[in-house]
Amino acid sequence: MRIAVSLVAVTLFVGSLSAASETHVGVITDTMCGANHAPMKISPDSKCITECVRGGKYKYALLEGKNVYTLSDQETPAKFAGQKVKVTGQLYQKTGILKVERIEAVQ
């Protein structure tokens, strides 16, 4: 009985250590341009984003207000380039990386 109670306590403690998912709403962009694609002289913005990411040096990101968060998932955002989306996941403030669980278009 003690072992069962101890296992439950440990499970609850470990579960409380994991961060909860959050929802972030913004626009899919890239880590080079962020909010301003004009200097690249490639339009529309979705094409600029795709071109910047294509070489592998820059990554897909979420522009939320003035903040640009690098997305952990680098495949799914391709179909949302330049679009407003809702990203569910965990934001690591120290690194600026948003660990993506789900990306959905915002109507």
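Where is the place of Gln 83? Let us start there and then tour the rest of the model.

**View 1. Gln 83 sits in the loop between β3 and β4.** Helices (H or I, at least four residues) and strands (E, at least two) are DSSP runs, numbered from the N terminus. This is a predicted model, in which local features need pLDDT of at least 70 and side-chain atom pairs count only at pLDDT 80 or more, while totals for chains, interfaces and linings use all residues. Residues are numbered from 1 along each chain as its sequence is written, and side-chain values use heavy atoms, with hydrogens and water left out. Gln 83 is partly exposed, with a relative accessible area of 35% (buried means under 20%, exposed over 50%, partly exposed in between, using a 1.4 Å probe and protein chains only). Although Gln 83 and Val 27 are 56 residues apart along the chain, 5.3 Å separates their C-alpha atoms. Setting aside neighbours within four places in sequence, Gln 83 has contacts (heavy atoms within 4.5 Å) with Gly 26, Val 27, Ile 28 and Ala 105.

**View 2. The whole protein holds 2 helices and 5 strands.** Along the sequence they follow the pattern α-β-α-β-β-β-β. Of the 107 residues, 29% count as buried. The average pLDDT, the predictor's confidence in each residue from 0 to 100, is 88, and 82% of the residues score at least 70.

**View 3. Strand β4 (residues 84-92) pairs with β1 and with β5.** Two strands pair if DSSP finds at least two bridges between them. Here 6 bridges join β4 to the antiparallel strand β1 (residues 22-30), and 8 bridges join it, also antiparallel, to β5 (residues 97-105). Follow Gly 89 across the strands: it is the bridge partner of Glu 22, and it stands opposite Val 100 in β5. The hairpin of β4 and β5 has 4 residues between the strands, and Gly 96 takes a positive phi near 75° there.

**View 4. The largest nonpolar core has 15 residues.** Such a core is a set of buried Ala, Val, Leu, Ile, Met, Phe, Trp, Tyr and Cys residues joined through side-chain atoms within 4.5 Å. Ile 28, Leu 62, Leu 71, Val 85, Val 87 and Leu 98 touch the most other members. At least two core residues come from each of α2 (45-54), β2 (60-64), β3 (67-71), β4 and β5. Beyond four places in sequence, the contacts of Leu 98 include Leu 62, Leu 71 and Val 87.

**View 5. Helix α2 has Cys 48, Ile 49, Cys 52 and Val 53 as its buried residues.** These lie on the same side of α2, because they cover an arc of only 125° around the axis (the arc of the directions from the helix axis to the C-beta atoms). Their cover includes β1 and β2. After α2 comes Gly 56, with a positive phi near 90°.

**View 6. Thr 29 lies in strand β1.** Is Thr 29 buried or exposed? Thr 29 is buried, with a relative accessible area of 1%. Beyond four places in sequence, its contacts include Gly 34, His 37, Ile 49 and Leu 62. A polar atom of the Thr 29 side chain lies 2.6 Å from the backbone oxygen of Gly 34.

Conventions:
A polar contact is a pair of N or O atoms within 3.5 Å; within protein, one must be able to donate a hydrogen and the other to accept it, and residues adjacent in sequence count only if both atoms are side-chain atoms.
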